[in-house]
Structure formats: C-alpha cells, structure tokens
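Hi everyone, thanks for making time this morning. Let me put the model up on the screen, and then we can walk through it together.

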Amino acid sequence: DDLKDYSDQLIESGVRDEPPLAIECTLAEIQPSARHNPKGNWSKDSITLFSNYFRDKRCIALIYSVVGNVMAVTLFKHEKLNPIGDLSNHLSFNHEFIEQGYAEMAEEPYLSRENHVMRTMAQKSPESLKMYSPSYLPDDPYAQFQFEPPSEKECQTKILLKGPKSPLEMSLYSLTKKCQGREVHVEWNSVNSVLLDNVPMDSHDRLMVAANVTQSSNSDRLTLRNTTLMPNMHGLPSLLTMIFAPKVELR
C-alpha cells in the first residue's frame with residue numbers, strides 16, 4: 001500500500017512530535033551460524049524463516065537487556081506457549097534457531113550482561129538498584145579543578161608517544177614450536193596490518209595464513225606478507241592441524 005501523510009488535524013494535534021513506536025531489537029545470546037555464513041551475517045534462509053514465523057503474527061518478547069536504546073530479546077511464538085505462560089528457554093525461537101542450525105550460542109557483550117543483572121535485581125528487589133544510582137557514587141574530588149596546559153618554555157623534554165591502540169586490536173602468534181615467543185606482525189602496507197576483533201566476547205582463536213614469512217636479522221620478529229584472515233569458525237585451527245598432521249593422538 002502507498003504511504004499516506006498525516007492529516008492537518010493530526011499534525012496540529014502534535015502527532016509528529018510523538019516518539020517513534022518502532023524499537024530496534026536483537027536476538028539475545030545467539031549469533032549467526034558460521035556454517036551458513038562465514039562472514040558472521042544472517043543467511044538468506046535464516047531471514048526467510050524468521051520472516052515466515054513472525055510477519056503479521058503475534059509473539060512474546062522477553063527482554064534480556066536494554067543498551068543504547070537497543071533491546072536484546074528472547075522471542076516466543078504465541079501458539080507454542082501453554083496456558084500457564086511458560087517462558088522457558090527451550091521453548092523460545094532463539095533456541096529453535098540454534099536447533100535448526102541457523103544460529104549458535106554467543107555470550108552477550110559486557111554492558112548487556114550488566115544491564116541484565118540490574119534488571120534481574122530490580123525484579124527481585126527494587127531497593128537493590130540504589131547502589132547503581134549516580135547519587136550513590138562518590139563525587140570526583142578533582143571535578144571542580146581545571147588544569148591549564150603548561151607553557152612552551154616549561155616544555156623542555158620530548159617524549160615518544162605510542163598509539164593510539166584499540167582494546168579490540170588482535171595480536172598474532174605462531175602455531176609452530178620453532179617460532180613460539182617471537183613477535184608476529186603483518187607488513188605495514190597490508191590491509192591486515194591492523195586487525196580489530198568484531199566479536200570480542202568470542203574467546204575462540206582465529207586463523208591467519210600468509211604466503212610469505214620473513215624474519216628479522218636477530219630472529220626475534222616475523223613479518224607476514226600476502227595474508228588472509230580466515231573466517232571465524234570455531235575449531236578451524238585445530239581441524240586444519242589434524243588434516244595436515246601425519247599422525248594425531250586424541251586425549
């Protein structure tokens with residue numbers, strides 16, 4: 001259907017000043033399956049399945065957390081709930097998404113987990129949230145002072161600054177025993193010279209392969225060239241090691 005503009009009467013009543021009714025949501029504690037999309041995006045089949053389940057249909061959303069005006073929710077199909085309203089995780093669409101192979105379990109970000117703890121505490125005892133209130137936090141004793149930068153005459157020492165470095169920057173290390181303990185860096189003009197972890201809550205290792213590896217004159221530094229960052233598939237480094245190993249012993 002064509003979009004229709006508001007009538008003059010609704011505009012005069014201030015309908016355009018009302019906040020939007022749509023809320024951005026994400027599925028809590030799950031992420032796209034690496035088997036269907038190694039890039040970490042939802043596959044077309046998963047989007048189609050989600051659309052068939054919930055388009056123009058009623059559902060129940062159990063709020064896990066609210067961070068940055070984005071809700072992390074657990075969805076339940078209305079027809080699957082019993083009259084008591086059991087909101088167990090095994091009855092949720094999130095769990096069904098995992099069982100069908102379109103998603104896998106994932107740990108929520110730190111702020112999301114903290115918000116979930118606060119919401120759980122508020123449900124049990126609203127008074128317990130007072131400890132998180134800004135009024136209960138100690139005041140900064142230096143907030144009232146404003147420090148001026150020194151003059152150029154007072155600046156007589158030069159200091160070499162390094163950085164800035166992001167806490168999301170990934171570090172590299174070698175898988176072979178011969179190269180363990182050596183610094184590993186990607187060539188400075190490569191697109192992979194700085195690697196940022198887009199899923200910092202995922203503790204699994206990722207694999208990078210290089211077509212050319214050189215070492216420094218004192219053999220304490222390795223430089224990688226023609227590199228490729230492999231997809232974030234859990235267990236891929238171990239699986240590749242087993243494939244090319246002449247003999248493997250599982251313990």
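Before I point at anything, one term: rings of Phe, Tyr and Trp, taking the six-membered ring for Trp, count as a pair if their centres lie within 6.5 Å, and the pair is called stacked when the planes are under 30 degrees apart, edge-to-face when over 60, and tilted for the rest. With that in hand, have a look at Trp42, Phe50, Tyr53, Phe54, Phe93, Phe97 and Tyr102, which form one aromatic cluster.

A word on what you are seeing. This is a predicted model, where local features need pLDDT of at least 70 and side-chain atom pairs count only at pLDDT 80 or more, while totals for chains, interfaces and linings use all residues. Residues are numbered from 1 along each chain as its sequence is written, and side-chain values use heavy atoms, with hydrogens and water left out.

Back to the rings. The count of aromatic pairs comes to eight. One of them joins Phe97 and Tyr102, a tilted pair at 5.8 Å centre to centre with 40 degrees between the planes. Are those two buried or exposed? Both Phe97 and Tyr102 are buried, where buried means under 20% relative accessible area, exposed means over 50%, and partly exposed is in between, using a 1.4 Å probe and protein chains only.

Now the sheet. Helices (H or I, at least four residues) and strands (E, at least two) are DSSP runs numbered from the N terminus, and two strands pair if DSSP finds at least two bridges between them. Here we have an open sheet of three strands in the order E1-E4-E3, with mixed pairing. E1 (24-27) and E3 (59-67) are at the edges with a single partner strand each, so one side of each has no neighbour in the sheet. E3 pairs with E4 (residues 70-77) in the antiparallel sense, over eight bridges, and Ser65 stands opposite Ala72 in E4.

Helix H2, residues 44-54, lies across E1, E3 and E4 and runs at about 65 degrees to E4. For such angles, axes are lines fitted to C-alpha atoms, for helices over the stretch in contact, and the angles run from 0 to 180 degrees between N-to-C directions. Which residues of H2 are buried? They are Ser46, Leu49 and Phe54. Seen down the axis of H2, they fall within an arc of 105 degrees, so they line one face of the helix; the arc is that of the directions from the helix axis to the C-beta atoms. Lys44 and Ile47, on the other side of H2, are exposed. The buried residues pack against E3, E4 and helix H3 (93-99), with contact meaning heavy atoms within 4.5 Å.

That brings us to the core. A nonpolar core is a set of buried Ala, Val, Leu, Ile, Met, Phe, Trp, Tyr and Cys residues joined through side-chain atoms within 4.5 Å. The largest one has 11 residues, including Leu27, Leu49, Phe54, Leu75, Phe93 and Phe97. H2, E4 and H3 are the elements that give two or more residues to this core, and E4 gives the most, with three. Leaving aside neighbours within four places in sequence, Leu75 is in contact with residues including Leu27, Phe54 and Phe93.

Finally, a stop at Asn212, in strand E7 (residues 208-215). Asn212 is partly exposed, with a relative accessible area of 33%. Asn212 and Asn226 are 14 residues apart in sequence and 6.4 Å apart in space, C-alpha to C-alpha.
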